[in-house]
Every structure is written in C-alpha cells, then in structure tokens.
Amino acid sequence: MNRVRSSRRLEAETHRNVEVIWLFRGLKPDFKTIADFRRDNRAALRPVLRAFVVLCRQLDLFGRELLAVDGTRIKCGQQQ
C-alpha cells in the first residue's frame with residue numbers, strides 16, 4: 001500500500017509506521033531476517049497472496065488495477 005518493497009525499508013517501517021508495528025506485533029526484525037523469511041517461505045507466500053486477492057475481489061475492494069503486496073506484483077485483472 002505504501003510502496004515499501006525492500007527488506008531494508010520494511011525494517012525501517014517497523015520502527016516508525018503504526019500499521020507495520022501492529023502487523024509485526026511490536027517485533028523489530030532486521031533486514032536480513034526479513035529477507036531470509038521471504039526467501040525461505042517463497043512457496044508458502046504465493047498461495048497466501050492469491051487467497052488475499054480472492055478475498056479482496058469478494059469484498060470488492062479494488063478495481064482490477066496493479067496491486068503490490070510486500071514487493072510481489074499481482075495483476076488483478078487476470079485469472080491465476
């Protein structure tokens with residue numbers, strides 16, 4: 001939503017952005033931990049992000065534009 005894609009920027013957001021602090025439950029991981037998590041869980045993140053897109057469609061939350069979540073780009077107008 002805020003176009004924060006890099007692990008280093010996500011680390012900075014854990015110290016200043018209230019939404020990210022809430023999502024991370026107050027944890028403040030360093031960029032390496034975030035990058036490792038993304039790398040190690042790549043296969044699990046894809047179905048979660050797809051489920052997120054399905055939920056957004058069901059709730060009519062976006063109008064089929066380009067959506068980026070955690071640096072992953074998903075074209076919402078195409079079926080996956």
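These numbered points walk through a predicted model of the protein.

1. Confidence comes first. The mean pLDDT of the protein is 81. At least 70 is reached by 75% of the residues. Helix α3, residues 31–40, has the highest confidence, with a mean of 93. Strand β1, residues 66–69, has the lowest, with a mean of 60. Read the points on these two elements with those values in mind.

2. Helix α1 spans residues 7–16. Glu 13 and Arg 16 form a salt bridge there, and their closest N and O atoms are 3.1 Å apart. The two residues are 3 apart in the helix, so about one helical turn separates them. Their surroundings differ in cover. Glu 13 has a relative accessibility of 4%, so it counts as buried. Arg 16 stands at 59%, so it counts as exposed.

3. Lys 32, Asp 36, Arg 39 and Asp 40 belong to a network of salt bridges. One link joins Asp 36 to Lys 32, at 3.0 Å from N to O. These two are 4 residues apart in α3, so about one helical turn lies between them. Another link joins Asp 40 to Arg 39, at 3.1 Å from N to O.

4. How exposed are the members of this network? Lys 32 is partly exposed, at 45% relative accessibility. Arg 39 is also partly exposed, at 47%. Asp 40 counts as exposed because its value is 53%, and the cut-off for exposed is over 50%. The total for the model is 4 salt bridges.

5. Next, the rings. The charged end of Arg 8 sits over the ring of Phe 31, at 3.8 Å from the ring centre. The count of aromatic pairs is 0.

6. Arg 25 deserves a look at its backbone. Its phi is positive, at about 55°, although Arg 25 is not a glycine. The residue is in the loop between α2 (18–23) and α3. With 79% relative accessibility, Arg 25 counts as exposed.

7. The last point is a nonpolar surface patch. Leu 55, Leu 59 and Leu 61 make it, and its area is about 300 Å². Where does Leu 61 lie? It is in the loop between α4 (42–58) and β1. Leu 61 is exposed, at a relative accessible area of 57%.

Definitions and conventions
Residues are numbered from 1 along each chain as its sequence is written. This is a predicted model: local features need pLDDT of at least 70, side-chain atom pairs count only at pLDDT 80 or more; totals for chains, interfaces and linings use all residues. Side-chain values use heavy atoms; hydrogens and water are left out. Rings of Phe, Tyr and Trp (its six-membered ring) pair if their centres lie within 6.5 Å; planes under 30 degrees apart count as stacked, over 60 as edge-to-face and the rest as tilted. A charge sits over a ring if NZ of Lys or CZ of Arg is within 6 Å of the ring centre and within 35 degrees of the ring normal. pLDDT is the predictor's confidence in each residue, from 0 to 100. Patches are made of residues with over 30% relative accessible area and no salt bridge: like charges are joined within 9 Å, nonpolar side chains (Val, Leu, Ile, Met, Phe, Trp, Tyr) within 5 Å. Accessible areas come from the Shrake-Rupley method with a 1.4 Å probe; for residues, only the protein chains shown count as cover. A salt bridge is a side-chain nitrogen of Lys or Arg within 4 Å of a carboxyl oxygen of Asp or Glu. Buried means under 20% relative accessible area, exposed over 50%, partly exposed in between (1.4 Å probe, protein chains only).
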